Amino acid sequence: MNISILRRIGVLFLIAGIFFSWSCSKAGDSNVIKIGVIGPMQYSQGKGHWNGAELAMEEINSSGGIKVGNEMKKIELIKADSNEIASITDAANAMERLITQEKVNFVIGGFRTEAVLAMQDIAMDAKTIFISVGPASAELNKRVKEDYDRYEYFFRGSPLNSSYLVKNSFIHLGYIAAVLKKTLNLPAIKVAVVAEKVQWVEPVIAAAKSTIPAMGMELAGIWQPSQTASDVTAELSAIQRSGAHIIFTVFSSSVGVTFVRQAGELKIPALMTGINVEAARFDFWETTEGKCEYVITSANYLENITINETSKKFIDAYRKKYGEMPSYTAFTHSAISNLLRTAIEKAGTLDADALIPILENLKVETSSGTYKVDENHDSIWGPGYSIIMAGQWQDGSFKGIWPNNWKASDNAPAISYEGVAPVKFPPWMIEAYQ
Amino acid sequence: MVVDIIISTLINGSIYSILAIGFSLVFGVARIINIAHTAFYMLAAFCIYAGTNSFGLHPVLAMGAAIIFVTILGLASYKLIIEKIRVHPAATIIATIALAMIFQEIMILNFGAEFLSVPVLVEGFTVVFGVKITYQQVFTFIFMVILLISVWFLLMKTKLGLAIRATAQDRETANLMGMNESMIALVTIGISVGFAGFAGAIVIPLTVIHPHMWLSPLIIMMAVVVLGGLGSIKGSIIGAFIMGLTEAIIVFLLPMGSFLKGSVALTILIIVLIIKPEGLFGVSIEGE
């Protein structure tokens, strides 16, 4: 009996010993650079995160790895499903696991601002560099500004913050309004703003109220459906009654699909532009059963536009491997290949405190344009840096329509990306206004 | 604007009433609060998607298959899980929540959490008093009227309907009179889940399919049945149109507050529970 108990205890110790030694070897493996990729992996955004990172890992590892001091280290990716669209708690737990259990060197990803705020705190507590690829709220970098010592490990990768996104989207709006006015010979343009009710959208609403009239257009009204609304026909009826020529959308959730689909079905005589995250997806045509024809939205990657050589190479490699256009969360590729790789090779170490000043001063070409951060670790917008393009769904393809002879100021040179297409208007709209 | 509000009320009210009737019917007869009711609506939507995309079925065939599949699944869920615990209302509520979550997770595993869609039966729209209405919405309204007439016929003109009404009024007496109460509950569950599947089938071509799509209509449906009176078919229909009217008024008069639709539904639910817990029309199926 006693021998049996001793044997059992012995076996338990043996199992515990094996587990402990495995855990130690895992945590202490210094031959690889461990990068946590966090995102809602069941959703397209998370798939974009993972695919971009995976492509970067394959490219880097096949070329021998990243040079850290005198040795070459390969990359190991750790996938963390944040489930952040459904649960912020899950997102925080996923980040906790990456840092405490997986002991990653860096974390990239995130999507929903509310969840990324929670993830950010966990990464900062562990003094782990966290490059966001997904959330747009300026609040994330406001924290860096207000408490640099705590939040210095956070950097915005992509997209640009919501203020820049909005500014860029209003430039798109101005361009489209000018073309619309000229094409349909309209004396004045009325704009309806439709925005889902989430945190990052609030500054957009505030900006729309003052900017649209300042741009010489009339604000026909503001509608704010729920981000999960399954029926917006009432809103669409009200928008049509308002006589809006342009619908300025601000969507990042499922309502962006519902709205486009129902507007297309009802042939609302207004052109949609603005931000609709779902509309920038390669499969949006199928998702809306082709009802997205003529819809315009901000976009990071477009088939017919070449931003720079880095972008072209990335898009070609991504399409070859995954058979589709990358979503904006696939910027994880640049976060690893262009930001982290360059910084690590310059610093010669994985030490976060040594990498921060290098990342702060880094100016590097990425798949979204030239990347540089300001003093709050926020990526800089503007000519010469990153700008957000506009794409329009035309005959089943998502085609780039902006920048097209855009001048940032009166004296600035005109910017056009190679391959840009002209804006098209729905025939039912032309019929309604001519 | 008045015409817009009326039409929006009729369209949305008809969708909510189809969901609420099924939920109310099963409570009235079997005293089961089936939280998984709208999960069956979600399942029907995914079945149609799988039918049209994976098996290449015509949308109408896929809809029919989805309604049948969901009804069978509902009956199986009742026999295997709910029937064994239905005497304990709290356990039933928890079990049906768990059931809905299981269905949701299975859909995520199978289809991912992407937004999906199915084609509409007939493309296009018509204009009624200057308001554009899609043909799919017109169909929804017509189907709802047909469904209501069918429910009325079933309940008032058939022996099964008589048995359902008798069971709803007094289960013990119905049992003593020789009615198989368990079988009637099973049939009612089948009808109820069939309604949920039907709602999913006719509504989904205009919206987006995703595994969490059952949560939002659940809140509105609960508010509708509490407002109308749990177990009351008439109450469910009237409650559904009141809810549709409230939503339309919010969208047209308070456009920046249109996201408040769900909150308004919950507020109505709480107010009714405080002021008139039995709702507008009591707790059992009326004998009119």
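Trainee: Among contacts in chain A between residues at least 6 apart in sequence, what percentage joins residues at least 24 apart? After that, please examine the open sheet of four strands in chain A.

Mentor: The model is predicted, and the answer to your question is 70%: that share of the contacts in chain A between residues at least 6 apart in sequence joins residues at least 24 apart. The chain that holds the sheet has 15 helices and 15 strands. Of its 434 residues, 52% are buried. The radius of gyration of chain A is 24 Å, which agrees with the value near 22 Å that a compact globule of 434 residues would have. Along the principal axes, the C-alpha atoms of chain A fill a box of roughly 95 × 55 × 45 Å.

The average pLDDT of chain A is 89, and 93% of the residues score at least 70. Residues 19-28 of chain A, however, have pLDDT under 50, and the model gives this stretch one contact beyond four places in sequence. Where pLDDT is low, predicted coordinates should not be read in detail.

I turn now to the sheet itself. Its four strands follow the order β8-β7-β9-β10 in chain A, and their pairing is parallel. The edges are formed by β8 and β10 (271-276) of chain A, each of which pairs on one side only. From one strand to the next, the twist averages 20°. At one end of the order, β9 (residues 246-251) and β10 of chain A are joined in the parallel sense by six bridges. Within this region, A:Phe251 stands opposite A:Asn276 of β10(A).

Helix α8 (residues 202-214) of chain A touches β7 (190-195), β8 and β9 of chain A, and its direction makes about 165° with that of β8(A). Helix α9(A) also packs on the sheet, where it touches β7, β8 and β9 of chain A; the angle between its direction and that of β8(A) is about 170°.

Parts of this region also take part in the contact between the chains. That contact involves 33 residues from chain A and 35 residues from chain B. On the side of chain A that touches chain B, the elements giving two or more residues are β8 (218-223), α9 (233-242) and α10 (255-266) of chain A. The most is given by α9(A), with seven residues. By class, this side of chain A comprises nine nonpolar, 15 polar and nine charged residues. Thus β8(A) is an edge strand of the sheet, and β8(A) also gives residues to the side that touches chain B.

Strand β14 (residues 389-394) and β15 of chain A run antiparallel and are joined by five bridges. The bridge partner of A:Trp393 is A:Phe398 in β15(A). The two strands, β14(A) and β15(A), form a hairpin with two residues between them, and A:Asp395 in the turn has a positive phi of about 50°. Strand β15 (residues 397-402) of chain A is largely enclosed by the rest of the structure, because five of its six residues are buried.

Technical notes: Residues are numbered from 1 along each chain as its sequence is written. Chains are lettered from A and ligands numbered from 1 in the order in which they are written. This is a predicted model: local features need pLDDT of at least 70, side-chain atom pairs count only at pLDDT 80 or more; totals for chains, interfaces and linings use all residues. Two residues are in contact if their C-beta atoms, placed from the backbone, lie within 7 Å. Ala, Val, Leu, Ile, Met, Phe, Trp, Tyr, Cys and Pro count as nonpolar, Asp, Glu, Lys and Arg as charged, and the others, Gly among them, as polar. Two strands pair if DSSP finds at least two bridges between them. Axes are lines fitted to C-alpha atoms, for helices over the stretch in contact, and angles run from 0 to 180 degrees between N-to-C directions. The radius of gyration is taken over C-alpha atoms; the globule rule is 2.2 Å times the number of residues to the power 0.38. A residue is buried if 20 or more other C-beta atoms lie within 10 Å of its own, exposed if 12 or fewer, and partly exposed in between; C-beta atoms are placed from the backbone. pLDDT is the predictor's confidence in each residue, from 0 to 100.
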